[in-house]
Amino acid sequence: MISNPNLVFYACIANGSIILGEFLSREQGISEVLAQQCVDKTPPYHSMFSHTVSNRTYTFLINDPFTYFGIFDKNIQKSELLGFLNRIKSSFEEIFARGSVLDFDNMASRSLQSQFDAVFCEIMGLDLEFLNSSRSGSKDRRNSSVDSARGRMVVAPLLGKPKGLKKKKRASTEKGAADGDAKDVNGEKKVDVCDDKNALYAVDRQKVKQIWKKHVWVVLALDLIICAVLFGIWLLVCQGFQCIDG
């Protein structure tokens, strides 16, 4: 069990690039688009890959064809996040072993969402109704925050010159505060976008590095084979080392 559930921002199970079930914390600025981009860039030739950028740790647990992926707070212990993803993995292995899924090649997006919710709640020690209410609650909070932001921009009609000046001044002050809040929000969004791009760039760089290493080994192997063949031809022509003796 995770000591602090708030450190888990996102978790999913994917078959290739198809997300079969997921948990998403919108309060941390995680979007379906970002999650899909990360899953699409799952690093090959790995059983586990983890990368931390700014305040987020992106971790892949890969058991082909399935990927168990999570985005966590950077302060979470590595043993906790790996234990969390391994429990999701083992839980779905049990589900698959029971024959609940028959066709692994034609699995639709979010087709295992109900199973994922049950597994996630069991691991996190949460009630399934609480998980559903928190999802709807986040939408309500977003709507109420939008309504309150709009409410701050409403100015009451002016009834007199002195009062009107005061209200106008107060409205301009509130507008300035609202603009400041908007700038802060935009600034946070820019930072999040930069962090997400850095994470994706790191995954891409790791892929390129792995492919480059693979090519180097292939070239070295071919060189060794060619040298061995030439050496064998030389021994055959010289009938051993007679060319050297002569």
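Me: What makes strand β4 (residues 56-63) mostly covered?

Reply: Seven of the eight residues in β4 are buried, where buried means under 20% relative accessible area, exposed over 50% and partly exposed in between (1.4 Å probe, protein chains only). A strand here is a DSSP run of E with at least two residues, and a helix is a run of H or I with at least four, both numbered from the N terminus. The model is predicted: local features need pLDDT of at least 70, side-chain atom pairs count only at pLDDT 80 or more, and totals for chains, interfaces and linings use all residues. Residues are numbered from 1 along each chain as its sequence is written, and side-chain values use heavy atoms, with hydrogens and water left out.

Me: How do you know that β4 pairs with strand β3 (residues 48-53) and with strand β5 (residues 66-73)?

Reply: Pairing requires that DSSP find at least two bridges between two strands. Six bridges join β3 to β4 and eight join β4 to β5, so both pairs meet the criterion. β3 and β4 run antiparallel, as do β4 and β5.

Me: Why is Asn15 called buried?

Reply: Its relative accessibility is 13%, so Asn15 counts as buried. Asn15 belongs to strand β1 (residues 8-15). Beyond four places in sequence, Asn15 touches Leu20, Pro65, Phe66, Phe104 and Met107, contact being heavy atoms within 4.5 Å. A polar atom of the Asn15 side chain lies 2.9 Å from the backbone oxygen of Phe104.

Me: Why is Tyr45 classed as exposed, and why is Arg110 classed as partly exposed?

Reply: Tyr45 has 54% relative accessibility and therefore counts as exposed. Arg110 has a relative accessible area of 30%, so Arg110 is partly exposed. Tyr45 lies in the loop between α1 (32-40) and β3, and Arg110 in the loop between α2 (78-97) and α3 (113-124). Phi is near 60° in Tyr45, a positive value in a residue other than glycine; Arg110 likewise has a positive phi near 60°.

Note on methods: Polar contact = N/O pair within 3.5 Å; in protein donor to acceptor, adjacent residues only side chain to side chain.
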